Amino acid sequence: MLERQQLNSYLADFFQVDSVQDYCPNGLQVEGRSAIQTIVTGVTANQALIEAAISRNADAILVHHGYFWKNERSEIVGMKKRRLQLLLQHDLNLFAYHLPLDIHPRVGNNIQLAEKLGILEPRIVASANPQGVMMMGDIPGNHSSVTFAQHIESVLGRTLTCQIDRNDPIRTIAWCTGGGQGFIDSAADIGVDAYLTGEVSEQTVHSAREQGLAFFAAGHHATERYGIKALGEHLAERFEVTHHFIDIDNPA
């Protein structure tokens with residue numbers, strides 16, 4: 001049987017959480033029962049995920065987007081109260097890993113997305129911090145921006161939120177899962193042909209067009225499903241616990 005503190009200590013070391021400056025606490029956010037046999041993973045600790053975990057008799061929930069963000073209201077009211085109440089009533093542990101999960105070299109969101117899309121030679125973009133939050137790699141074959149967009153949609157099972165094409169073939173790409181549209185100028189600076197992230201802002205479109213960069217916004221949620229799933233699978237193998245990945249659909 002896996003103990004709560006054992007899991008918390010293992011993941012603190014696995015992710016090197018003390019070395020990452022983040023916007024939320026990484027690790028155990030809500031304490032539940034001490035013994036853990038069944039783990040549920042999901043992208044965000046919303047009420048639907050908590051209810052799904054309860055229905056599966058889970059002992060712990062592991063997510064990428066947890067609670068207690070910087071500048072978040074501190075009052076335990078409304079939606080926050082209902083979520084926390086449900087966790088506490090059912091003695092459920094909640095663990096959350098934000099940037100440490102994005103950048104991990106094995107189960108991280110960035111590396112997992114690269115594997116799903118078949119991007120070759122994924123490597124860290126050193127100018128982006130923390131290291132690993134932005135990566136670059138090579139696109140196999142002879143893709144245009146149109147055909148690679150179709151490939152992304154096929155793999156992720158959803159329509160792109162935004163697509164900016166370019167005339168020339170795309171052979172190199174940089175990416176940052178989730179809300180990484182702010183890195184688009186850094187992508188242009190390193191000379192890649194395309195940039196992929198989850199979200200798009202008004203200025204992102206102009207940056208892509210004026211710098212000749214193909215751009216793909218594939219959804220914050222859609223690009224960040226694979227890291228937390230890989231983490232759950234790793235823990236199931238490492239500690240012989242039961243794991244369920246639950247994808248609560250989110251078009252954003």
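**Figure 1. Contacts across the whole chain.** Take the contacts in the protein between residues at least 6 apart in sequence: 65% of them join residues at least 24 apart. The model shown here is predicted. The protein has ten helices and 13 strands. Its radius of gyration is 19 Å, close to the 18 Å from the globule rule for 252 residues, so the protein is as compact as a globular protein of that length. Along the principal axes, the C-alpha atoms fill a box of roughly 55 × 35 × 35 Å.

Figure 2. Of the 252 residues, 53% are buried. The protein exposes about 11500 Å². Carbon and sulfur atoms supply 47% of that area. There are 19 positive and 29 negative side chains. The centres of these two sets lie 5 Å apart.

**Figure 3. Strands β7, β8 and β10.** Strand β7 covers residues 120-124, and strand β8 covers residues 135-138. The two run antiparallel and are joined by three bridges. Strand β8 also pairs with strand β10, residues 172-176. That pairing is antiparallel too, over four bridges. Find aspartate 138 in β8: this residue is the bridge partner of leucine 120. Aspartate 138 also stands opposite threonine 172 in β10. In a regular strand, side chains alternate between the two faces of the sheet.

**Figure 4. The loop between β7 and β8.** Proline 130 is found in this loop. A cis peptide bond joins asparagine 129 to proline 130. Omega there is about 0 degrees.

**Figure 5. Helix α5, mostly covered****.** Helix α5 spans residues 109-117. Seven of its nine residues are buried. Among them are Asn109, Asn110 and Gln112. Ile111, Leu113, Ala114 and Leu117 are buried as well. Glycine 118 follows the helix, and its phi is positive, near 75 degrees.

Figure 6. Is asparagine 57 buried or exposed? Asparagine 57 has a relative accessible area of 60%, so it counts as exposed.

**Figure 7. Phenylalanine 68, in the loop between β5 and α3****.** Helix α3 covers residues 78-89. Phenylalanine 68 is not a glycine, yet its phi is positive, about 65 degrees. Its relative accessibility is 33%, so phenylalanine 68 counts as partly exposed.

Key
Residues are numbered from 1 along each chain as its sequence is written. This is a predicted model: local features need pLDDT of at least 70, side-chain atom pairs count only at pLDDT 80 or more; totals for chains, interfaces and linings use all residues. Side-chain values use heavy atoms; hydrogens and water are left out. The radius of gyration is taken over C-alpha atoms; the globule rule is 2.2 Å times the number of residues to the power 0.38. Buried means under 20% relative accessible area, exposed over 50%, partly exposed in between (1.4 Å probe, protein chains only). Contact means heavy atoms within 4.5 Å. Accessible areas come from the Shrake-Rupley method with a 1.4 Å probe; for residues, only the protein chains shown count as cover. Lys and Arg count as positive and Asp and Glu as negative; His and the chain ends are not counted. The place of a charge is taken as NZ of Lys, CZ of Arg, CG of Asp or CD of Glu. Two strands pair if DSSP finds at least two bridges between them.
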